[in-house]
Amino acid sequence: MSEALSYQMPHSLRHLFAVLLVYCNPANPRELWEKFESPTYEDFKKYPNMHTREIRHKVLNHINDILHSMGRDIIELTQGKIQPSATAKEAKDVHFERNIIVNEQDLQLPYKLNIEQRRAYNVILDRIFSNKLGAFFIDGPGGTGKSFLYRALLATVRHIGFIAFATARSGVAASLLPRGRTAHSRFKIPIDVNGIFSCNISKQSSLASLIRDAKLIVWDEIPMAKKEMVETLDLLLRDLMETTMLFGGKVVVFSGDFRQTLPVVRGGQREDFVRESLLCSEIWHQLEKLQLFENMRAKTDPAFCEYLMRIGNGKERKMI
Ligand SMILES: Nc1ncnc2c1ncn2[C@@H]1O[C@H](COP(=O)(O)OP(=O)(O)OP(=O)(O)O)[C@@H](O)[C@H]1O
């Protein structure tokens with residue numbers, strides 16, 4: 001840092017400081033910062049009426065933005081006194097999404113797939129590797145291994161360095177997927193779509209570029225999502241990819257079980273839930289359906305599997 005002071009601009013000094021923090025592991029980052037912070041302020045000092053406190057905050061936020069792009073955080077340096085900006089949070093998120101390390105266990109999943117799962121796995125991967133459009137719905141009752149199949153797909157695609165998004169309608173389902181996020185937060189879809197068919201993503205942002213690069217998008221629990229959410233994602237992808245192809249020509253895999261929960265419509269009746277679901281969207285008819293039948297959860301108890309199916313299909317009169 002001492003050497004750099006004589007020839008580097010404040011902007012570069014801030015960058016150098018971030019690099020030192022990440023790659024050189026200084027014994028006492030705070031002491032290092034306090035010794036060299038002043039020269040990193042110089043470019044902000046030319047603004048009239050800007051107090052030192054404000055300048056310090058701006059400078060630390062800039063360093064934080066740089067640290068986030070490298071997957072680190074200034075909280076280590078400031079003990080939580082500085083909150084990252086929205087841009088910094090996005091940069092950090094993008095960095096993590098581009099650098100996911102797949103765990104060994106998940107890499108073994110493709111070898112454990114049953115016949116139906118393997119068929120779906122091969123069809124989807126083939127579309128990804130041949131760069132062709134693929135919009136799928138994995139149709140399988142609870143326990144048939146839909147999540148198991150996603151994990152295998154996500155592991156394979158991420159392991160070779162491709163970007164794959166794991167999303168779900170609810171936070172609970174998202175947390176069960178490796179680096180899962182709710183579809184709302186991943187694609188910035190408004191919570192209450194209500195005729196606003198646009199996601200809050202600027203075309204120039206790093207998130208937009210990450211989405212453009214994505215090879216696979218997985219969306220679990222789709223029966224719980226309102227059809228407008230899926231239509232909004234379709235519009236976002238067409239817009240970002242500058243094409244009229246469904247989902248911008250990307251490979252998108254939806255799944256869920258329509259025997260389970262449908263979208264919530266306040267004060268609605270059964271027909272309202274159905275009308276709001278993906279089943280009543282134009283997109284539904286364009287999805288390729290891949291079936292899973294074998295119940296892997298209750299494999300050793302076929303009678304129980306049949307009982308569950310009868311409940312799901314509304315044919316069971318006797319409840320335990
Ligand atoms: N090929 C497989 N080999 C071994 N176990 C499997 C396989 N597929 C699924 N399983 C296991 O079966 C159980 C159910 O699988 P999973 O949770 O993926 O089903 P699901 O269809 O997503 O269920 P739900 O709709 O209820 O969420 C899990 O314990 C999972 O580990």
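## A loop residue and the basis of the model

Glu-221 is found in the loop between strand 4 (214–220) and helix 14 (227–241), where helices (H or I, at least four residues) and strands (E, at least two) are DSSP runs numbered from the N terminus. The phi angle of Glu-221 is near 55°, a positive value in a residue other than glycine.

This is a predicted model, in which local features need pLDDT of at least 70 and side-chain atom pairs count only at pLDDT 80 or more, while totals for chains, interfaces and linings use all residues. Residues are numbered from 1 along each chain as its sequence is written, and side-chain values use heavy atoms, with hydrogens and water left out.

Arg-179 is placed in the loop between helix 11 (171–175) and strand 3 (180–182). With a relative accessibility of 33%, Arg-179 counts as partly exposed, a class that lies between buried (under 20% relative accessible area) and exposed (over 50%), as computed with a 1.4 Å probe and protein chains only.

## The chain as a whole

The protein chain has 16 helices and 6 strands, and its C-alpha trace spans about 80 × 45 × 45 Å along the principal axes. Of the 320 residues in the protein chain, 47% are buried. Where contacts (heavy atoms within 4.5 Å) join residues at least 6 apart in sequence, 66% of them in the protein chain link residues at least 24 apart.

The protein chain exposes about 17400 Å², of which carbon and sulfur atoms supply 53%; accessible areas come from the Shrake-Rupley method with a 1.4 Å probe, and for residues only the protein chains shown count as cover. There are 44 positive and 37 negative side chains in the protein chain, and the centres of the two sets lie 1 Å apart. In this count Lys and Arg are positive and Asp and Glu negative, with His and the chain ends not counted, and the place of each charge is taken as NZ of Lys, CZ of Arg, CG of Asp or CD of Glu.

Val-59 is buried, with a relative accessible area of 0%, and Ile-63 counts as buried at 0% relative accessibility.

Leaving aside neighbours within four places in sequence, Val-59 is in contact with Arg-14, Trp-33, Thr-40, Tyr-41 and Phe-44. As for C-alpha separations, Val-59 and Gly-145 are 86 residues apart along the chain and separated by 49 Å, whereas Ile-63 and Arg-310 are 247 residues apart in sequence and 59 Å apart in space.

## The ligand surroundings

The ligand is surrounded by 15 residues, and the closest are Lys-112, Gln-117, Gly-143, Lys-146 and Ser-147; a residue is taken as near a molecule if one of its heavy atoms lies within 4 Å of it.

Taken alone, the ligand exposes 620 Å², and the protein buries 68% of that.
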